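Open your viewer and load the model. The stops below go from the whole chain down to single side chains.

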Amino acid sequence: MTNPPAIFLMGPTASGKTACAIKLLEAGLPVELISVDSALVFRDMNIGTAKPDAETLARAPHHLIDIISPEDAYSTAQFRDDALRLMAEITARGKIPVLVGGTMLYFNTLQHGIHDLPQADPALRAKLEADAAAHGWPALHERLAVLDPATAARLKPNDAQRIGRALEVCLLAGRPMSKLLAEPRNNDVPFAITKIALVPSDRAVLHQRIAQRFDQMLKDGLLNEVRSLRARYALHPDMTSMRCVGYRQAWEYLDGLISASELREKGIAATRQLAKRQLTWLRGMDDLVEIDCLRDDLAETVLAEVGKKLLRT
């Protein structure tokens with residue numbers, strides 16, 4: 001049997017992905033949208049994530065938005081399981097899943113599978129965090145260098161999240177994480193995937209958009225949003241949610257660690273770095289349909305490309 005179709009609509013931040021996805025629904029195409037964004041999964045994080053507002057989501061529903069608390073974590077493996085389940089359900093309804101977002105690791109894992117790594121162990125993680133509090137993350141980085149030199153070599157000594165996970169995997173599996181990652185992955189994805197990438201013909205224009213959008217987030221109340229999150233939830237700056245671009249810088253400002261001008265400069269710089277990483281991921285992918293995200297008729301062009309795909313199925 002021929003695998004059913006699915007569409008990946010990918011691109012860097014501020015490339016217009018959401019508007020294009022909404023255009024597909026408004027045109028009446030038989031599609032359902034699945035968000036591929038590691039920040040949009042968090043409830044009550046709206047401004048800094050550029051989350052579509054309630055009216056937009058009512059008009060153009062997205063799966064996998066607002067599904068967990070900012071206090072929780074959402075793994076790549078969880079995303080893959082959820083996305084494959086939703087894709088099967090959408091196909092069973094006679095529609096085509098359109099996966100839209102900018103978390104390239106999610107897209108890559110969805111298509112190529114995931115390594116069989118041990119699940120998180122809360123007790124072990126708590127012990128590692130206690131060790132880090134007592135001795136510092138550079139000390140744990142040194143411990144990782146003994147257990148898994150290859151992984152330690154690519155991590156910075158203060159990369160708490162990745163050092164903690166790598167140590168956890170090494171201790172639970174009894175083997176270096178780098179060895180586990182070198183093993184073949186299960187890549188059985190029962191869909192025929194069309195990958196559409198929105199890429200800028202002029203990086204400087206994308207940078208202007210990023211700056212304008214961050215300024216708008218500040219005007220819309222990003223700082224008040226973070227204040228509210230800190231009051232409502234038991235958060236700390238090392239949590240996945242608060243490591244998101246914009247939230248990390250807002251946290252530092254609220255703690256008096258940086259000035260208002262530094263908040264803006266660091267927020268824009270971090271967002272530009274995010275876009276750079278996203279574009280690097282895209283350059284490493286094959287079989288892409290690339291569309292200039294700066295063209296005036298972007299949404300119409302994406303609609304036409306998806307329409308062609310539907311006619312072939």
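How many helices and strands does the secondary structure of the protein chain come to? Colour by secondary structure: this predicted model has 14 helices and six strands. The radius of gyration is 20 Å, close to the 20 Å from the globule rule for 313 residues, so the chain is as compact as a globular protein of that length.

**Whole chain**

Select the C-alpha trace. Along its principal axes it spans about 60 × 50 × 35 Å.

**Surface and burial**

Show the accessible surface. The total is about 15,500 Å². Carbon and sulfur atoms account for 51% of that area. Next, colour by burial: 48% of the 313 residues are buried.

**Charges**

Select the charged side chains. There are 39 positive and 39 negative ones. The centres of the two sets lie 3 Å apart.

**Cysteines**

Is Cys 293 buried or exposed? Buried, because its relative accessible area is 1%, and the cut-off for burial is under 20%. Finish at Cys 244. Its relative accessibility is 13%, so Cys 244 counts as buried too.

Key
Residues numbered from 1 in each chain as written. Predicted model: local features only at pLDDT ≥ 70, side-chain atom pairs only at ≥ 80, totals over all residues. Heavy atoms only, no water. Helix = DSSP H or I, 4+ residues; strand = E, 2+ residues; numbered from the N terminus. Rg over C-alpha atoms; globule rule 2.2 N^0.38 Å. Buried < 20%, exposed > 50% of the residue type's maximum accessible area, 1.4 Å probe, protein only. Areas by Shrake-Rupley, 256 points an atom, 1.4 Å probe, with all protein chains shown as cover. Lys, Arg positive; Asp, Glu negative; His and termini not counted. Charge placed at Lys NZ, Arg CZ, Asp CG, Glu CD.
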